[in-house]
Protein chains: 6
Amino acid sequence: MFAHNKRLQYTVRVSDTNPGLANLLLEQFGGPQGELAAACRYFTQALAEEDPGRKDMLMDIATEELSHLEVIGTLVAMLNRSAKGRLAEGVDTEAEMYRQISGGGNDSHVTQVLYGGGPALINSAGQLWNAGYIDSIGDPSADLRSNIAAEARAKIIYERLINCTDDPGVKEALGFLMTREIAHQQSFEKALYSMQPNFPPGKLPGMPEFTNVYFNMSQGDGDMRGPWNSDENFEYREAQPAVDGGDGLASVRMKADDQQVLQQAATRLRSDPDCDPLTGAELGAGEALDASTMGQKDLLG
Amino acid sequence: MFAHNKRLQYTVRVSDTNPGLANLLLEQFGGPQGELAAACRYFTQALAEEDPGRKDMLMDIATEELSHLEVIGTLVAMLNRSAKGRLAEGVDTEAEMYRQISGGGNDSHVTQVLYGGGPALINSAGQLWNAGYIDSIGDPSADLRSNIAAEARAKIIYERLINCTDDPGVKEALGFLMTREIAHQQSFEKALYSMQPNFPPGKLPGMPEFTNVYFNMSQGDGDMRGPWNSDENFEYREAQPAVDGGDGLASVRMKADDQQVLQQAATRLRSDPDCDPLTGAELGAGEALDASTMGQKDLLG
Amino acid sequence: MFAHNKRLQYTVRVSDTNPGLANLLLEQFGGPQGELAAACRYFTQALAEEDPGRKDMLMDIATEELSHLEVIGTLVAMLNRSAKGRLAEGVDTEAEMYRQISGGGNDSHVTQVLYGGGPALINSAGQLWNAGYIDSIGDPSADLRSNIAAEARAKIIYERLINCTDDPGVKEALGFLMTREIAHQQSFEKALYSMQPNFPPGKLPGMPEFTNVYFNMSQGDGDMRGPWNSDENFEYREAQPAVDGGDGLASVRMKADDQQVLQQAATRLRSDPDCDPLTGAELGAGEALDASTMGQKDLLG
Amino acid sequence: MFAHNKRLQYTVRVSDTNPGLANLLLEQFGGPQGELAAACRYFTQALAEEDPGRKDMLMDIATEELSHLEVIGTLVAMLNRSAKGRLAEGVDTEAEMYRQISGGGNDSHVTQVLYGGGPALINSAGQLWNAGYIDSIGDPSADLRSNIAAEARAKIIYERLINCTDDPGVKEALGFLMTREIAHQQSFEKALYSMQPNFPPGKLPGMPEFTNVYFNMSQGDGDMRGPWNSDENFEYREAQPAVDGGDGLASVRMKADDQQVLQQAATRLRSDPDCDPLTGAELGAGEALDASTMGQKDLLG
Amino acid sequence: MFAHNKRLQYTVRVSDTNPGLANLLLEQFGGPQGELAAACRYFTQALAEEDPGRKDMLMDIATEELSHLEVIGTLVAMLNRSAKGRLAEGVDTEAEMYRQISGGGNDSHVTQVLYGGGPALINSAGQLWNAGYIDSIGDPSADLRSNIAAEARAKIIYERLINCTDDPGVKEALGFLMTREIAHQQSFEKALYSMQPNFPPGKLPGMPEFTNVYFNMSQGDGDMRGPWNSDENFEYREAQPAVDGGDGLASVRMKADDQQVLQQAATRLRSDPDCDPLTGAELGAGEALDASTMGQKDLLG
Amino acid sequence: MFAHNKRLQYTVRVSDTNPGLANLLLEQFGGPQGELAAACRYFTQALAEEDPGRKDMLMDIATEELSHLEVIGTLVAMLNRSAKGRLAEGVDTEAEMYRQISGGGNDSHVTQVLYGGGPALINSAGQLWNAGYIDSIGDPSADLRSNIAAEARAKIIYERLINCTDDPGVKEALGFLMTREIAHQQSFEKALYSMQPNFPPGKLPGMPEFTNVYFNMSQGDGDMRGPWNSDENFEYREAQPAVDGGDGLASVRMKADDQQVLQQAATRLRSDPDCDPLTGAELGAGEALDASTMGQKDLLG
């Protein structure tokens with residue numbers, strides 16, 4: 001069960017309202033690398049987790065991410081407070097209001113007109129949050145790696161936002177949130193590597209003849225060798241079809257009846273390679289043909 | 001700040017695992033009327049709320065909805081526990097596994113194959129949750145009504161789910177969740193009506209000549225009168241264009257230069273009403289015309 | 001069956017073209033609170049409605065909303081008429097065109113480049129309309145409340161747009177559309193309350209011990225009492241897990257075989273709490289280890 | 001302005017309720033090739049159309065598609081009428097209700113549980129309708145082709161549905177709807193070809209050296225020649241990079257300062273090709289390393 | 001199997017970095033009419049195609065579209081190269097960075113903050129690409145028409161982008177990409193018309209009495225006649241319900257038991273047309289009523 | 001530039017057609033962990049990559065993933081070949097066709113009715129692919145981790161699919177695809193760790209006082225200690241608000257004028273905690289009040 005304490009995990013002190021900056025911060029509220037995605041990722045994993053240690057850790061961190069969602073959402077709300085009141089009360093002239101709404105240089109008009117200055121679960125471009133951002137699949141050797149990657153991504157987005165604001169209070173709160181991603185990544189790493197073996201993920205082994213092969217599929221000046229395709233670690237092979245030694249074709253056994261029906265469809269829908277038909281594009285490239293007067297019905301047989 | 005207590009708000013006792021039922025319950029986990037949508041709706045409203053009473057209430061209820069999300073997600077996890085293990089370990093023959101995965105009669109195959117038996121933020125058809133489900137707009141006279149409606153919808157979905165299961169533990173937990181929607185609706189109602197006036201929403205009054213008009217736009221046998229369009233409450237008028245008394249047309253002042261450019265585009269893109277052109281459909285309805293041998297180039301002149 | 005009259009329900013007189021304002025108005029064309037969502041909401045409800053009075057009312061209002069969609073879409077089209085022609089004909093220098101396309105201060109570049117100046121079913125941020133905006137669930141005690149809330153939201157968005165334009169013709173048309181939301185809300189209210197009882201929604205009663213409880217889930221300075229949680233109306237309780245009196249835990253009966261398979265999976269995927277593994281993060285924080293020369297294979301055993 | 005006549009464009013006579021069939025029919029209600037997409041496509045085009053003939057035609061057909069949306073939606077509603085009542089009233093045992101909800105063999109459970117038996121703007125898999133289905137771009141030489149294609153697609157989907165039902169009333173209504181797609185396609189074809197020239201679309205000509213070239217990008221057994229790549233119509237060329245005669249590389253002029261900053265980033269983020277680092281995968285493939293006891297800190301420098 | 005050559009199909013020479021232009025170009029990278037949609041459209045069709053000529057052609061063109069995706073994506077990457085480095089390294093003051101990020105006049109802030117200057121599969125408004133953009137349905141008489149239309153649309157979008165930039169290298173590369181859409185359209189046209197007959201699509205014929213009817217559904221000043229609804233080509237009829245000669249109503253046979261249950265639901269959920277209930281809106285329009293002191297319980301009795 | 005070889009990378013030999021299995025395999029064609037997502041992820045990263053080694057590797061693997069997309073799509077096409085023909089030709093009775101379409105036990109009806117048996121960019125539940133599945137952010141220390149995680153996820157999904165089919169040809173092809181994910185993961189790992197340091201990601205350091213803290217946010221029986229929160233690695237702290245030592249509240253400096261406007265809005269929208277208003281729910285719980293006869297106007301003041 002969740003409980004809420006009215007004090008934030010980190011104190012929020014905003015120097016000046018700024019709807020444009022509020023809009024940028026939405027990236028970490030309702031964006032793909034934001035706190036809602038993080039909280040949902042770990043919370044859903046925790047619910048189905050059988051390992052008691054990971055379950056505890058996942059719920060600890062999910063709960064903290066919810067608390068971060070509150071911090072970043074509060075930053076957005078504070079930055080929008082002036083704009084929210086002015087639009088609700090309609091105290092400005094319409095021309096001035098239009099200028100304020102449209103002049104932010106980014107999508108802050110959406111936060112104002114559609115969401116009334118409240119933090120919305122969109123990213124900084126107005127894209128609705130969707131659960132496709134969450135990549136949990138219910139296997140810890142994959143999910144922990146997904147969590148590690150997600151923390152790394154979130155750290156970078158916070159860093160970029162920090163580079164875009166000189167409001168010291170906003171900067172400090174963003175710095176705290178960024179720091180916690182580093183801490184969380186370390187916990188997920190420890191959890192992953194305390195599960196042994198964790199590579200390859202899952203139970204089924206790979207086919208030995210292809211597990212350590214590197215295919216050079218992109219060719220030309222710029223081919224490089226490094227540990228990711230070195231002879232020490234991989235068998236380096238040129239791109240080649242039918243690596244199984246077969247013909248590289250696709251086949252399926254079909255019942256005779258199905259085969260016949262399929263053939264019937266193929267015949268009905270055949271494009272004849274031996275004709276040169278007049279096309280719509282050709283009709284469209286020339287002058288209009290008047291079907292009624294130019295005897296086209298004959299042409300059409 | 002949020003904190004989490006490892007005990008659920010309501011004890012979950014599931015009689016038997018059942019992936020098909022788990023899949024149905026996803027409707028209230030990651031569906032449009034589910035608990036994530038509820039929690040997000042109230043939480044985002046709370047962040048931007050200026051009224052201390054409503055802010056407190058919204059955060060109270062948001063936090064409870066998060067706790068409900070945990071209960072419904074736990075139900076899903078419990079119902080999937082057997083299937084989760086069997087697929088992960090691959091202990092069944094492939095044919096048997098295929099039958100189990102595909103035989104649920106609903107979309108439970110997605111929960112198994114894609115999500116490994118964990119609760120996912122999808123509805124029972126596999127539709128990803130998206131923030132378009134949240135209708136908060138940052139004005140309490142609208143948002144409270146949205147919340148009232150959302151609670152009513154969630155109550156009904158729970159009722160339908162309860163009608164679909166005879167597992168007593170599932171039924172009881174669903175009953176609790178359903179009941180709480182009733183309680184929350186009552187709180188939102190009290191908050192709405194303690195804001196006076198709350199109708200019409202917002203500050204701007206309507207145009208008096210249209211505020212109490214009912215237009216009979218759908219006509220024929222079946223026209224009904226009732227309090228929603230009665231003479232006591234409304235001026236009942238037949239459908240009519242240009243109710244403003246104008247010509248019902250659209251106009252815009254354009255600069256002469258713009259007007260000329262637009263006219264140029266219109267001329268270039270004109271469909272000539274006075275020709276009867278040969279069309280692609282006509283070509284396609286007849287026999288193939290061979291452009292190279294039938295002198296079509298001339299026709300296209 | 002629908003029929004269309006070429007005259008608009010309300011005459012549209014736009015003073016000057018303005019792609020930026022056109023873009024803002026998209027909010028009520030293809031946005032979540034816009035006229036397409038309204039029309040679809042009531043139309044789909046009408047189709048399945050068994051009550052003759054509500055069915056008539058829903059179709060009346062759905063049809064009017066379609067007519068409003070036409071009005072708002074016509075406003076958008078008029079405001080974009082100059083820009084549409086100039087881009088289609090390419091009469092400006094590229095630098096000037098780029099400036100016009102990008103300089104609107106909001107997302108009007110999308111309307112121009114992607115939609116050619118036509119009204120598109122997106123909101124003012126370019127977010128595609130989706131049917132998740134429609135919250136109909138096929139129960140009138142819920143759907144009528146959803147409709148009431150939707151009308152309240154639409155009224156507010158119109159009010160905000162009105163606050164952003166000083167074009168008298170645009171203002172007047174928006175005022176008409178805003179006014180009709182007030183009228184529609186009143187009809188839906190009458191329809192809801194002429195259905196008795198309509199609360200709680202549905203047939204199943206709540207569990208009496210939880211129907212009038214208010215849980216104080218968010219605690220600290222800022223706790224408030226009001227009619228939404230007053231002793232007169234509610235039993236006010238502090239947050240508490242396991243309100244059913246159980247242990248707050250989750251359980252499910254599983255077949256012994258399933259239990260064993262699940263245990264097997266848990267063992268395979270266990271994170272050992274008693275080790276302190278070297279992690280990828282630690283590798284990444286230090287200098288590169290060269291596996292081939294530093295005997296790491298031994299370390300990895 | 002739209003008006004509604006309570007009589008359908010085509011009489012709907014359903015023999016027996018059938019939620020599974022209802023679910024399939026959703027494909028033409030809320031699916032990508034369905035009637036809402038058609039109505040929205042033509043309606044939005046009509047609003048911005050400058051050509052009076054096309055504007056009239058587009059609004060005629062848009063209005064008819066709305067009327068078709070009503071027909072297909074009414075079919076869905078009729079097919080769901082029994083299920084709707086039984087679930088709302090809860091008259092069956094839970095086990096029987098679960099069987100009915102889940103046993104349809106397709107996604108009809110969503111229509112029941114989430115939408116209460118009403119027609120919803122989803123396709124037969126429960127995917128929410130979205131405006132990405134609409135491909136209008138505001139140029140008639142493109143939009144009319146899009147409309148032609150859309151009518152062809154809708155015709156095929158109706159044909160498939162007709163092949164799946166033996167209910168004579170459903171079959172007949174679907175047959176009418178399918179027929180009208182044929183009629184509409186013919187109108188759009190006439191409108192396209194009465195605009196001359198209509199190919200290539202737009203104003204800018206292609207680069208002559210590439211306008212009639214066909215590149216054989218997919219090579220091997222199966223290469224075919226036909227009018228689509230014949231020497232009569234095209235210059236047939238093998239796949240080749242840098243067809244402009246350049247080096248096929250990408251370049252951009254950057255300010256020296258920008259160049260230096262970019263180089264700084266590249267250096268910071270360089271993957272060294274000359275090392276062979278120990279990786280997380282290697283850690284995960286072996287036994288757990290205990291950092292505290294095995295002196296790894298030294299290894300990590 | 002695909003292979004990649006490190007040289008582009010067309011050399012990319014960008015004069016100056018320009019994040020705003022990069023953002024516009026995203027329209028053809030991750031937008032609905034862009035190259036990913038094109039490649040996916042033809043590739044998925046090719047996989048299931050039975051006709052050897054079309055299969056070859058579809059794969060040829062799909063592969064070229066992938067190569068175009070690389071060209072347009074490379075343009076975006078080049079245009080963003082300066083911005084990418086500066087944000088990653090944080091070399092500017094925060095105020096300067098904020099100005100750069102927000103000042104582009106369009107949505108380039110998303111490309112910078114969320115995607116780090118890399119080309120992302122979004123359109124120029126930040127809308128995520130989704131597979132609803134792809135309209136393939138597995139019937140060549142429809143799919144080829146869809147392809148023709150798609151090429152026409154893509155040609156127009158390129159033309160608009162060309163009109164917005166004076167960078168000669170960008171202009172030239174866009175010109176090549178635009179040209180190839182013309183070539184592809186011609187191939188698809190030839191393939192369509194070499195399939196005879198291709199109209200009407202599919203196997204089932206239309207109902208003769210409705211195949212050549214044009215309904216005048218939109219009425220009033222502005223009704224136009226042209227080849228799309230002329231007497232030569234169509235039977236021109238006024239809008240009329242129940243064109244089948246029936247009553248225009250909907251009916252379904254239901255079992256007596258189902259009928260009774262449905263009636264029970266209807267009765268339970270009836271809106272009484274003969275009352276005039278007090279509504280929430282009326283409560284909200286007046287002063288707050290205090291239920292505890294004003295005896296409302298009796299009123300509600 | 002891409003080129004295509006008509007032979008597959010791996011030969012596809014399917015024993016029997018099976019639309020239900022085809023539908024499951026869509027998970028790796030158009031699902032979130034599927035090959036399109038993989039190809040797009042690496043391809044978009046490659047385009048903006050400055051490091052020559054990573055750029056080469058990313059393009060190599062992107063190209064191979066496209067080749068895998070072809071293999072999995074070909075499997076789907078083969079498994080659907082019989083069904084495709086039968087539906088297109090309509091050779092079965094309608095009842096039989098309905099049974100075949102609906103009886104697959106999963107969502108294969110969508111593949112048939114909507115996509116005509118062709119592979120579509122949806123997952124096994126019919127959810128449209130969207131670019132939110134791609135988590136690239138343009139920083140290699142994050143993107144390489146995302147790639148590692150993505151390969152791990154894909155490996156697991158393949159493993160689950162292999163567990164669900166006993167068709168030896170399908171199993172073998174899936175086995176190849178699964179194996180390659182293992183190989184790719186190893187390459188990405190080598191690339192990550194050859195970039196030193198790669199942790200923490202980005203340039204900005206964390207705040208030292210919070211970088212190694214673990215907050216126990218979820219409390220109760222089940223709290224566990226392990227390397228992810230051990231004293232050796234972390235400072236273990238109980239959940240606590242305002243960890244910065246402040247008051248945990250949010251503040252913003254506002255101009256006096258803005259403050260006054262905001263106060264005005266708050267007053268206008270205040271919910272009075274001291275009244276007990278009659279609510280809509282109370283109206284709905286009792287009998288209908290007749291406003292016209294019961295003097296409610298007085299009550300409403």
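Between chain F and chain A, about 10200 Å² is buried, and 57% of that lies on carbon and sulfur atoms, where buried area means the accessible area, taken with a 1.4 Å probe, that two parts lose on being put together, summed over both. On the side of chain F, the residues that lose the most area to chain A are F:Glu89, F:Met217 and F:Trp228, and together they make up 6% of what that side buries.

Before I go on, please keep in mind that this is a predicted model, in which local features need pLDDT of at least 70 and side-chain atom pairs count only at pLDDT 80 or more, while totals for chains, interfaces and linings use all residues. Residues are numbered from 1 along each chain as its sequence is written, chains are lettered from A in the order in which they are written, and side-chain values use heavy atoms, with hydrogens and water left out.

Staying with chains F and A, 119 residues of chain F are in contact with 119 residues of chain A, contact being heavy atoms within 4.5 Å. There are 10 salt bridges between these two chains, a salt bridge being a side-chain nitrogen of Lys or Arg within 4 Å of a carboxyl oxygen of Asp or Glu. One of the salt bridges brings together the side chains of F:Arg268 and A:Glu89, at 2.8 Å from N to O. Helix H9 of chain F, residues 168-193, gives the most to the side of chain F that touches chain A, with 15 residues; helices here are DSSP runs of H or I with at least four residues, strands are runs of E with at least two, and both are numbered from the N terminus.

The two chains also share strand pairing, which requires that DSSP finds at least two bridges between the strands. Strand E6 of chain A, residues 250-252, runs parallel to strand E2 of chain F, residues 12-14, and three bridges join them, with F:Val14 as the bridge partner of A:Val252.

Let me turn to chain C. Here 55 residues of chain C are in contact with 44 residues of chain A, and the area buried between them is about 3700 Å², of which carbon and sulfur atoms give 55%. The rule finds three salt bridges across this interface, and C:Glu282 and A:Lys190 meet in a salt bridge at 3.1 Å, N to O.

Strands pair here too: strand E1 of chain A, residues 2-5, runs parallel to E4 of chain C and is joined to it by two bridges, and A:Asn5 stands opposite C:Gln219 in that strand of chain C.
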